[in-house]
Amino acid sequence: MSTRAATFTVTTTAAGGAGSLSNAIIQANAPGTHTIAFNILPTGATVHYLVPPLDGFPLITNDNVTIDGTTQTGWVKNTAAITNCNNAAIKIALDARPPNANFRDMAYVYYGTVDVPPSNPVIDNTAMYGDGGDAGGTGRERGGYDPASGPPTYATGEKAILGIYRATNVTVKGIAFLSDAGDGYGLAIAQDFGGNTAILDRLAYDDGTCRGFHLAGCVFGIDPGTGADALSQNAVAMFRHRDRNGLSAAARRPLSIDATPDNDTVPNGENFVIGVAPGSADPRAEFNVFKCTELAIAAEGIHTRLSGNQFHNPPEFGRSSDDSDNPSILYGTDGDGVNDADEGNLFDNTVLLISQYNTRDKLFVFAGNTFGVTCAGVRTASLNNAVDEFAFSQLTRVRFGSDFNGVSDALEGNKVYDTLMFSFSSSTTESNRAWISMRGNTLVNNSVRPPLGDGSVAFEGENVYTNFMNVPVIPVITALTTTSLSGSCGTPVGAPYTALIVDLYESDPEGGAAGFPQGKTYRGSFVDNGLLDSNPAVGAFTFNITGAGILTGTTNTLTVTYAKGVTITSVSHDPLLCTTTLNYPLGNYTVESATSVLGPWTTAGAATGSSTTIIAQCGDTVFYRLVSTSGSGGGQTSPFADSVVAAP
C-alpha cells in the first residue's frame with residue numbers, strides 16, 4: 001500500500017461514488033499525508049451543498065489529513081477584523097438538513113473490533129478494557145463513562161456531520177456545517193488508548209489520540225448561500241475517553257484526577273488550534289464563526305488554543321486535569337508579537353459567554369478578547385457572566401488580560417461590556433496556588449466590582465481574597481493629582497508574593513454610576529516601594545505618575561495585584577568552567593540577567609526542571625532572575641478602589 005502524499009479531489013455533491021467526499025475520505029484514510037481538495041462544477045458564486053450518505057460521512061481515521069474547502073473556485077477569504085462581521089465566501093457546505101439528515105453515529109468505540117458501515121475500516125479497540133461481551137453493553141466501552149454509572153461520552157444516538165477518530169494533525173478549513181433544529185453535532189472528535197496496551201501516563205498515549213487538530217476558516221450553523229440559520233446542537237464535540245469501572249488493581253492504568261481508582265482518562269484537545277494558528281501567514285482567513293443551539297464547543301480537554309473566533313454560543317471546557325503552569329486553555333492572543341491583533345475572539349451571546357466546569361489545577365488565559373458586543377457593533381447587554389465557572393477550590397489559576405511582559409501588552413487587554421464578570425465556586429478555603437490576575441482590560445458597565453466582587457458576602461470572592469491578603473481587600477485612593485497618586489492596600493499573606501503592583505485606570509462612568517467602580521482606560525502601573533514610590537511603608541504608596549495621562553477633573557480608580565514571583569533557592573558558580581548553576585522550584589522559566597539589580601535585564605537562556613546552568617563571564621558581577629514562560633502574569637488582583645476625581 002502506498003504511503004506517499006496524495007491529493008484526492010471532490011468533483012460532485014453526491015453522497016457516494018467516484019468524486020464524492022465520502023470516497024475521498026476513504027482514500028485519504030490510507031497511510032500517508034493527504035489533502036482532500038474540491039473542484040465541483042459550476043465554479044464561481046455557487047455554494048455546493050454536499051449531502052451525507054445514509055450512515056453519515058466515513059470517519060477520518062488517518063493522521064495528517066487536510067480537508068480544504070478553500071480549494072473550491074469562488075472561495076474568498078475573510079478580510080474583516082474579528083470585531084466586524086465575517087466576509088468570507090464559503091463554497092463548500094456539508095448539509096445534513098432534512099430530508100438528508102444523515103449523521104455519523106459516534107457510538108462506535110467498543111471493546112474489541114467495531115461493527116461499522118462497510119465504508120469504514122475495522123477498528124481494533126482491544127487495548128480498551130472490557131470483555132467485549134453481553135448485549136446489554138456492560139462489557140464494552142463507547143469512549144466514555146462506565147455504562148453502569150452514567151451515560152457514555154458518545155452514546156448511541158450521539159451523532160455528527162463529520163467525525164474524526166484516532167487521527168493526529170487533521171486540518172479542516174473553509175467548510176460550512178449545516179444541520180436543522182439543533183440535531184446532532186457539526187464536528188465530533190473522539191480518541192482513546194488506541195492499540196497501546198502498555199500502562200503509561202494519560203498524556204503519553206499517541207496511538208489513539210487526535211493531537212494537533214486545526215479548525216480554520218469554517219462556519220457552523222449559517223447557510224453561506226442564504227445567510228439563514230442551519231443550527232446543530234453543539235458545533236464541535238471533543239470529549240475525553242474513560243475506560244469503564246470494575247478492573248482489578250493489577251489491571252488498572254495510572255490514576256487520573258477523576259477520583260475513583262479504576263476510572264482512567266485520556267483528555268481531548270491536546271495541542272488543538274481552533275482558529276488562528278501560531279505564526280499564521282494569513283490570520284483573518286483562519287477565523288471561524290460558531291452558531292448553534294447549545295454550545296459552540298463541548299470539550300473535556302487541555303492544551304487547546306482558541307484564537308480568532310466569533311462565538312454566538314458559548315464554548316465550554318471541563319473535567320480533565322493539568323497541573324502545569326503552561327496555559328491549559330488559551331482564549332485569544334498568545335502575546336508573542338506575531339498576529340496578536342488578529343488572535344482575539346468575539347463573544348456576543350446574549351446569555352452566557354464562556355462556560356467552564358471542574359476547572360481543576362489548570363491555568364486559563366483570556367487575552368485580547370471582546371465580550372458583549374456583536375460584529376455589528378451593538379452591545380448585547382446580556383448582564384450575565386462573562387465566564388462561568390471557576391473552581392478556585394480546585395487550585396484554578398486565571399490570567400484575564402495582560403501579562404505586562406513588554407510584548408503586545410495593550411493588545412492582551414480584554415474589552416468587556418455589560419456582564420456579571422465571573423461566576424465561581426468558592427465553597428472551601430482556597431490555597432494561594434489559586435489566583436486570578438486581571439490587568440490592563442477595558443471594563444464597561446459590568447454589574448459587580450471586578451474581578452470577584454468586594455469580598456463581603458459568601459461566593460463573592462470572600463475566601464479567595466481573605467486567603468491572599470489582609471482586610472480591607474479594597475484598596476483606597478487617599479489623594480490624586482495629575483502628577484501624584486497616594487493610597488493604601490491590604491498587605492499580602494506570606495509567600496509567594498514578591499511585589500504589590502498598582503494599576504491605575506480612568507474609571508468607567510457607567511459602572512461607577514451603578515455603584516460598581518471599574519477601569520475603562522488603563523493609564524499605568526507602579527510598584528509599591530519601587531523607584532517611583534516615595535512612601536517606604538509596605539501597603540502604602542505615593543507615586544510620581546507624571547506621564548500617565550491623568551487629566552484634571554477625570555475620575556480614576558486602581559487595583560492592586562499581589563504578584564507571585566519565583567525564588568531562586570540557591571546559586572553556585574564554577575570559576576574553572578565560568579558557569580553558574582541556578583536551583584529553583586520545578587517549572588519552565590526564562591532566565592534573565594543584568595549587571596545591576598535595577599537592570600536592564602536581558603534573556604540569558606531557558607530553564608526547565610528544577611535547575612539550569614548558565615555560561616557566565618568570569619570576574620563579572622551578574623544578577624539573575626526567573627520569569628515564567630507561561631506568560632501567566634500570576635498573582636491575585638484586588639477589587640477596584642472607589643473612584644476619585646483628579647485634582648490639578
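This is a predicted model: local features need pLDDT of at least 70, side-chain atom pairs count only at pLDDT 80 or more; totals for chains, interfaces and linings use all residues.
Biologist: Which strands stand at the edges of the open sheet of ten strands?

Modeller: The open sheet has ten strands with parallel pairing, in the order 3-5-11-14-19-22-25-28-31-34. An edge strand pairs on one side only. The edge strands are strand 3 (48-50) and strand 34 (442-444).

Biologist: Which residue stands opposite Gln-310 in strand 25?

Modeller: Strand 22 (residues 309-311) pairs with strand 25 (residues 346-347) in the parallel sense, over two bridges. In strand 25, the residue opposite Gln-310 is Leu-346.

Biologist: How many residues of strand 29 are buried?

Modeller: Strand 29 covers residues 387-391 and pairs with strand 26 (residues 354-357) in the parallel sense over two bridges. Within this pairing, Ile-354 stands opposite Val-387 of strand 29. Strand 29 is mostly covered, and the number of its five residues that are buried is four.

Biologist: Is the pair of Phe-371 and Phe-400 stacked, tilted or edge-to-face?

Modeller: A search of the whole structure finds 18 aromatic pairs. In the pair of Phe-371 and Phe-400, the ring centres are 5.7 Å apart and the planes stand at 35°. Planes under 30 degrees apart count as stacked and those over 60 as edge-to-face. The angle of 35° lies between these cut-offs, so the pair is tilted.

Biologist: How many residues apart in sequence are the parts that Phe-371 and Phe-400 tie together?

Modeller: Both Phe-371 and Phe-400 are buried. Phe-371 lies in strand 28 (residues 370-371), whereas Phe-400 lies in strand 30 (residues 397-401). The pair therefore ties together parts whose separation in sequence is 29 residues.

Biologist: Is the pair of Tyr-505 and Phe-640 stacked, tilted or edge-to-face?

Modeller: The rings of Tyr-505 and Phe-640 have centres 5.4 Å apart, and their planes stand at 65°. Tyr-505 is in strand 37 (residues 497-507) and Phe-640 is in the loop between strand 47 (635-637) and strand 48 (644-645), so the pair links distant parts of the chain, 135 residues apart. Planes over 60 degrees apart count as edge-to-face. The angle is 65°, so the pair is edge-to-face.

Biologist: Are Tyr-505 and Phe-640 buried or exposed?

Modeller: A residue counts as buried when its relative accessible area is under 20%. Tyr-505 has a relative accessible area of 1%, and Phe-640 has 2% relative accessibility. Both values fall under the cut-off, so Tyr-505 and Phe-640 are buried.

Note on methods:
Residues are numbered from 1 along each chain as its sequence is written. Side-chain values use heavy atoms; hydrogens and water are left out. Buried means under 20% relative accessible area, exposed over 50%, partly exposed in between (1.4 Å probe, protein chains only). Two strands pair if DSSP finds at least two bridges between them. Rings of Phe, Tyr and Trp (its six-membered ring) pair if their centres lie within 6.5 Å; planes under 30 degrees apart count as stacked, over 60 as edge-to-face and the rest as tilted.
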